[in-house]
Amino acid sequence: MSLQHFINEAISPWMRETGPDNDIVMSSRIRLARNFANVPYPILAEQENLERIREFFAEEYSHQSFGNYEDLEFVSTKELTPVEKSVLVEKHLISPHLAKYSDQAGALISQNEQVSVMINEEDHIRIQLYFPGLQLKEALEQAFAIDDWLEEKVNYAFDETKGYLTSCPTNVGTGMRASVMMHLPALAMTNQINRMIPAISQLGFVVRGIYGEGSEALGNIFQISNQITLGKSEVDIVEDLESVVNQLIDHERIARDHIIERAETKIEDRIFRSYGVLEYCRIIESKEAARCISDVRLGIDLGIIKNTSGSILNELMVLTQPGFLQQYANRTLKADERDVLRASLIRERLKLEK
């Protein structure tokens, strides 16, 4: 396995699997922030400290396996081109922060791309693990197991009163961010999502776009995650988040039934128009592509569009991003060139479904 394994395929192997409520919940993620005891955090550390940590993980864990997560590949950011970094961000294998700020950073990535351990991001270690559909508890169990495995060789920064110590005070305690990626087109169409976001925030959760903090909810994809990391256990946080997500699932299903009952022909027209744009367009910008892909995915989930895979949303949302387009073209592309290539790749992908 090599870097090319991660950047040549738009969809990660685990994304091809199904999970509970995967018509609405695209993925569940657990992220654990950890730091070495007695070593300054990355934001304050000397370059030589960060280099030692990076080399430690490269030497100790590269090509190791843990359970079902085989052949962990260590990827060093300083050896990546800007386009390669963009592709890894677009596939959620590294964070925008890791790609942008640290030359002494890296990531351990499993062959199935379900596990990524980021090194020298805001914290020395950030373990993240994905599951398809709504599987927060399963993801938490596996994240704990990986955490214990790493802790066999790493002395974590931990306080008996405060819990895990982290670079950002908002992560102190459990050091955990649990998040769920959801496709909520009906709630967006009926403007209900805008009323729900403040209520979700009051419960201690935050709603963001597809790439987390500061990102836009392209294609009606929303990321719901916890804000509170101190004063609650990881299990309690996950249970509370799952409760919120289940309520959103129920509201989305009701909204889908409502728009079909009230305006079936209008919704079908919107879905097929979007499908037609994707199938025949020669130029398409990323926002329009995301909107049309969302409509098509809704059509698949409602049974309006037949013989097309539901995983097409996951694949096309990556396939149409700037980094992947330039990786595919093997050169830097201007915005208008990306719009042309994006349209071409979408047409080719839809032909494979027929």
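Colleague: Where in this predicted model is His63 found, and what makes it partly exposed?

Modeller: His63 is found in the loop between helix H2 (47–61) and strand S2 (73–76). Its relative accessible area is 47%, and since buried means under 20% and exposed means over 50%, His63 falls in between and is therefore called partly exposed.

Colleague: What is to be noted about the phi of His63?

Modeller: His63 has a positive phi of about 70 degrees although it is not a glycine. Most residues other than glycine have a negative phi. Asn220, in the loop between strand S9 (205–208) and S10, also has a positive phi, near 60 degrees, and is likewise a residue other than glycine.

Colleague: Why is Asn220 called buried?

Modeller: The relative accessible area of Asn220 is 17%, and the limit for buried is under 20%, so Asn220 counts as buried.

Colleague: How do you know that Glu113 is buried, and which side chain does it join in a polar contact?

Modeller: Glu113, which has its place in the loop between strand S3 (106–109) and strand S4 (115–119), has 2% relative accessibility, and because buried means under 20%, Glu113 counts as buried. The side chains of Glu113 and Lys91 are joined at 3.0 Å, and a pair of N or O atoms must lie within 3.5 Å to be a polar contact, a limit that this pair meets. The C-alpha atoms of Glu113 and Trp14 are separated by 7.0 Å, while the two residues are 99 residues apart along the chain.

Colleague: What makes Thr229 a buried residue, and which residues does it touch?

Modeller: Thr229 is found in the loop between strand S10 (221–226) and helix H8 (234–280), and its 3% relative accessibility is under the 20% limit, so Thr229 counts as buried. Leaving aside residues up to four places away in sequence, Thr229 touches several residues, among them Thr170, Asn171, Gly173 and Ile237. Val172 is also one of the residues touched, and its backbone oxygen lies 2.8 Å from a polar atom of the side chain of Thr229.

Colleague: Turning to the whole protein, why does its radius of gyration agree with that of a compact globule?

Modeller: A compact globule with 354 residues would have a radius of gyration near 20 Å, and the protein has 21 Å, which is why the two agree. The C-alpha atoms fill a box of roughly 65 × 45 × 35 Å along the principal axes, and 56% of the 354 residues count as buried.

Key
Residues are numbered from 1 along each chain as its sequence is written. This is a predicted model: local features need pLDDT of at least 70, side-chain atom pairs count only at pLDDT 80 or more; totals for chains, interfaces and linings use all residues. Side-chain values use heavy atoms; hydrogens and water are left out. The radius of gyration is taken over C-alpha atoms; the globule rule is 2.2 Å times the number of residues to the power 0.38. Buried means under 20% relative accessible area, exposed over 50%, partly exposed in between (1.4 Å probe, protein chains only). Helices (H or I, at least four residues) and strands (E, at least two) are DSSP runs, numbered from the N terminus. A polar contact is a pair of N or O atoms within 3.5 Å; within protein, one must be able to donate a hydrogen and the other to accept it, and residues adjacent in sequence count only if both atoms are side-chain atoms. Contact means heavy atoms within 4.5 Å.
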